[in-house]
Amino acid sequence: MIGDDSITITALNRCGWCGQDPLYQAYHDEVWGRPVADGQSLFAKLCLDGQQAGLSWITILRKQSGYEAAFAGFDPDALVHFTDADVERLMGDSGIVRNRLKIQSVIRNARAFVAMRDAGEDFARFLWGFVGDKPLINDWQELAQIPTETDESRAMSKALKQRGFNFVGPTICYAFMQATGLVMDHLTPCHCYQSCRDEAESFHLGHAGQ
C-alpha cells in the first residue's frame, strides 16, 4: 500500500493575475493569449472587454453567459436591430452589468462592425493589421513588466473610434489584444507560456472573415 507521504502535488505556475478562482484559472489556461482569427469572435470579445471598464475582468467573466444571452450571442446582424425598448429591457437584466452607456455601446459597436463589413473592410484583418498579421511575442518574467497600453493599442483605439466604436480606449484595446492572442503576454515561468508561444509562432491569419 502506498502511503500518503509518497504523493506529491505540484501546483501549476500561472500568471498571478488569475489568482485561485477556478473560472479565472480556466480562462487563463484555455483562452487568454491564444490567437483568434474569426471576426465575429473578435467583435464579441471586444464588446465584452469594453464592459469591464471600471470593473475587474472576473466580474464580466462570471456574467459571460448572461451577456451572450442578452446580446443575441453578439451577432452584429441581430444587434443592429436592437431598439431603445431593448435597451430598457436590458437595464432590468440581472445577468449583465446594468449600465446604460455600456449596453448602448454594444449596439453602437455592432453598427460600426456592419458598416465596416458593408464597406468591404474585414474586421479580423483590420485588427490583426496593428500587429503585422502575426502575434507579438513578449518574454516578460514579472507582472510588473507588462504594460497597460502600447503604441499598437493606442493606434487600434484611435482607428476603432474613428469607425464609430466606443468603450475602446487604449487600455481596453491592450487587454483585448492580450486576451485574443494578438499579443502573447504569458509570463515566461507560466505553464502556458510555451504552448501559447508555439501557437503564436505557427499562427497564420489566412482568409479570416467576418
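Helix H2, helix H3 (57–61) and helix H4 (64–70) each contribute at least two residues to the lining of the second largest pocket. Helices here are DSSP runs of H or I with at least four residues, numbered from the N terminus. A pocket is found on a 1 Å grid over the protein atoms alone, as an open set of points with protein on both sides within 12 Å along at least five of seven lines, and its lining residues have an atom within 4 Å of a point. The structure is a predicted model, in which local features need pLDDT of at least 70, side-chain atom pairs count only at pLDDT 80 or more, and totals for chains, interfaces and linings use all residues. Residues are numbered from 1 along each chain as its sequence is written, and side-chain values use heavy atoms, with hydrogens and water left out.

The second largest pocket holds about 230 Å³ of space, where a volume is the space filled by probe spheres set on grid points that are joined across faces, edges and corners. Its lining comprises 16 residues, and Ser-41, Ala-44, Lys-45, Leu-48 and Gln-64 lie nearest the centre. H2 gives the most to this lining of the second largest pocket, with 4 residues. By class, the lining of the second largest pocket has 9 nonpolar, 4 polar and 3 charged residues; Ala, Val, Leu, Ile, Met, Phe, Trp, Tyr, Cys and Pro count as nonpolar, Asp, Glu, Lys and Arg as charged, and the others, Gly among them, as polar.

The largest pocket contains about 420 Å³ of space. Of the 19 residues that line the largest pocket, Trp-32, Gln-52, Trp-57, Ala-175 and Gln-178 lie nearest its centre. At least two lining residues of the largest pocket come from each of helix H1 (22–30), helix H2 (39–51) and helix H10 (170–179). H10 gives the most to the lining of the largest pocket, with 6 residues. The lining of the largest pocket divides into 13 nonpolar, 4 polar and 2 charged residues.

Two packed helices are described by the angle between their axes and the distance between the axes. The axes are lines fitted to C-alpha atoms, for helices over the stretch in contact, and the angles run from 0 to 180 degrees between N-to-C directions. H2 and H10 pack at an angle of about 135°, with their axes 9 Å apart. H2 and H10 are therefore oblique to each other, given that angles under 35 degrees count as roughly parallel, over 145 as roughly antiparallel, 65 to 115 as roughly perpendicular and the rest as oblique. The crossing of H2 and H10 is right-handed; a crossing is right-handed if the near helix is turned clockwise from the far one by less than a right angle, and left-handed if anticlockwise. On the H2 side, the contact is made by Leu-42, Lys-45, Leu-46, Asp-49 and Gly-50, and on the H10 side by Ile-172, Ala-175, Phe-176 and Ala-179, contact meaning heavy atoms within 4.5 Å. The residues of the contact of H2 with H10 comprise 6 nonpolar, 1 polar and 2 charged.

H2 also packs against helix H7 (100–118). The axes of H2 and H7 come within 10 Å and cross at roughly 155°, which makes H2 roughly antiparallel to H7. H2 passes H7 in a right-handed crossing. Gly-39, Phe-43, Cys-47, Gly-50 and Gln-51 of H2 make the contact with Lys-102, Ser-105, Val-106, Asn-109, Ala-110 and Phe-113 of H7. By class, the contact of H2 with H7 has 5 nonpolar, 5 polar and 1 charged residues.

The model has 1 cavity of 30 Å³ or more, a cavity being a set of grid points where a 1.4 Å probe fits but cannot get out. The largest cavity has a volume of about 30 Å³. Leu-46, Cys-47, Gly-50, Gln-51, Ser-105, Val-106, Asn-109, Asn-166, Phe-167 and Val-168 form its lining. H2 supplies the largest share of the lining of the largest cavity, 4 residues. The lining of the largest cavity has 5 nonpolar, 5 polar and no charged residues.

Helix H9 (residues 151–162) and H10 pack at an angle of about 110°, with their axes 8 Å apart. H9 and H10 are therefore roughly perpendicular to each other.
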